[in-house]
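Me: I have a structure open and would like to go through it with you. Could we begin with the strand pairing?

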Amino acid sequence: MEKTVSSILPSPLTFSRTNFPERFHNCFLKSRSPFSLPFYKSKLGSFVTHLHRNPKLKPERRFKFFAMAAAVASYTKEELPPSLDATAEPPALFDGTTRLYISYVCPFAQRTWIARNYKGLQDKIKLVPIDLQNRPAWYKEKVYSVNKVPSLEHNNEVKGESLDLLKYIDEHFEGPSLLPDDPEKKKFAEELLAYSDSFNVASFRDLPAKGDVSEDVEAAFNKIEESLSKFGDGPFFLGQFSAVDIAYAPFIERFQLFLAELKNYDITKGRPKLALWIEELNKINAYSQTKRDSQELIDSAKKKFGIN
Ligand SMILES: N[C@@H](CCC(=O)N[C@@H](CS)C(=O)NCC(=O)O)C(=O)O
């Protein structure tokens, strides 16, 4: 990564829910800015100098510069570390570094990786990719006895479970909030997060079976279409992008590919809200940077389900 949010910002100016107004977040991070990325990139150095030279800059102006810097950082492609296999030495565990253990192909891990990116935590949470097929023994022995990814090493503790980690990362780190304050949206978020496991089971269960998609799969995607129609203030589940989109994105991405390949089924046909959701999701860098090659995902699913 060339630059990260924290490395280009002078402390104590930090990126928190309270000091980063939504409007700047929406304007810049969601790429609705009137200027192009090259413009911001070309201005990056002068943004930082300007902030340093003008300690008395009005808060609104500081936010504006900060939002621009965050936009640049979120557009900058991170250089991904190689996966650690059975021959790799463990990292220096519990040395104060926050580590997110993932596998590049795991959809559960992808959820937490998107959240980390979206909150601009690339230099606060270090990615540690694990090769699950040839896993290092120290991962189970010293890091996470459950032996699954994702897990997060933070404050001398290791926690797991992707949906819990989405909330943990949101609550314990700076960056734009992943859940809205609106009680109705919050309630709907909980319902959708709770439903995500059943949705995944319904869609995965059907894959190895011969023939067309089952009624259960049709119903599961119809429920998604209906859920996407609930709030009109944006194309996402809660209107604006949130933890709910993060929870579903890695799975819907895979089901779209697998169902097209294995069942010749287009999940977006007759589902305009879902089609728009996928289109808008792909514009979010925090997500698109976590996507793997489609063929790699299809091949690994075929292998997993024993499909030729
Ligand atoms: N419920 C867990 C599921 C995590 C999970 O199943 N991860 C898979 C990879 S996609 C894993 O680590 N599998 C290793 C194993 O089962 O041995 C979560 O949401 O984090």
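Me: Which residue of β2 is the bridge partner of R99?
Reply: In this predicted model, R99 has K126 in β2 as its bridge partner.

Me: In what sense do β1 and β2 pair, and over how many bridges?
Reply: Strand β1, residues 98-102, pairs with β2 in the parallel sense, and five bridges join them.

Me: What packs on the sheet there?
Reply: Helix α5, residues 107-118, packs on the sheet and touches β1, β2 and β3 (151-154). The direction of α5 makes about 145° with that of β1.

Me: And the sheet overall, in what order do the strands run?
Reply: The sheet is open and has four strands in the order β2-β1-β3-β4, with mixed pairing. Because β2 (125-129) and β4 (157-160) stand at the edges with a single partner strand each, one side of each has no neighbour in the sheet. From one strand to the next, the twist averages 20°.

Me: Changing topic: which residues surround the ligand?
Reply: The ligand is surrounded by S103, C106, F108, L132, N147, K148, V149, P150, G160, E161 and S162.

Me: Now the helices: at what angle do α8 and α9 pack?
Reply: Helix α8 (residues 183-206) and helix α9 (residues 215-227) pack at about 145°, and their axes are 9 Å apart. The crossing of α8 past α9 is left-handed.

Me: Which residues make the contact?
Reply: From α8 they are L192, F199, A202, S203 and D206, and from α9 they are D216, V217, A220 and S227. These residues divide into five nonpolar, two polar and two charged.

Technical notes. Residues are numbered from 1 along each chain as its sequence is written. This is a predicted model: local features need pLDDT of at least 70, side-chain atom pairs count only at pLDDT 80 or more; totals for chains, interfaces and linings use all residues. A residue is near a molecule or strand if its C-beta atom, placed from the backbone, lies within 6 Å of it. Two strands pair if DSSP finds at least two bridges between them. Helices (H or I, at least four residues) and strands (E, at least two) are DSSP runs, numbered from the N terminus. Axes are lines fitted to C-alpha atoms, for helices over the stretch in contact, and angles run from 0 to 180 degrees between N-to-C directions. Two residues are in contact if their C-beta atoms, placed from the backbone, lie within 7 Å. A crossing is left-handed if the near helix is turned anticlockwise from the far one by less than a right angle, and right-handed if clockwise. Ala, Val, Leu, Ile, Met, Phe, Trp, Tyr, Cys and Pro count as nonpolar, Asp, Glu, Lys and Arg as charged, and the others, Gly among them, as polar.
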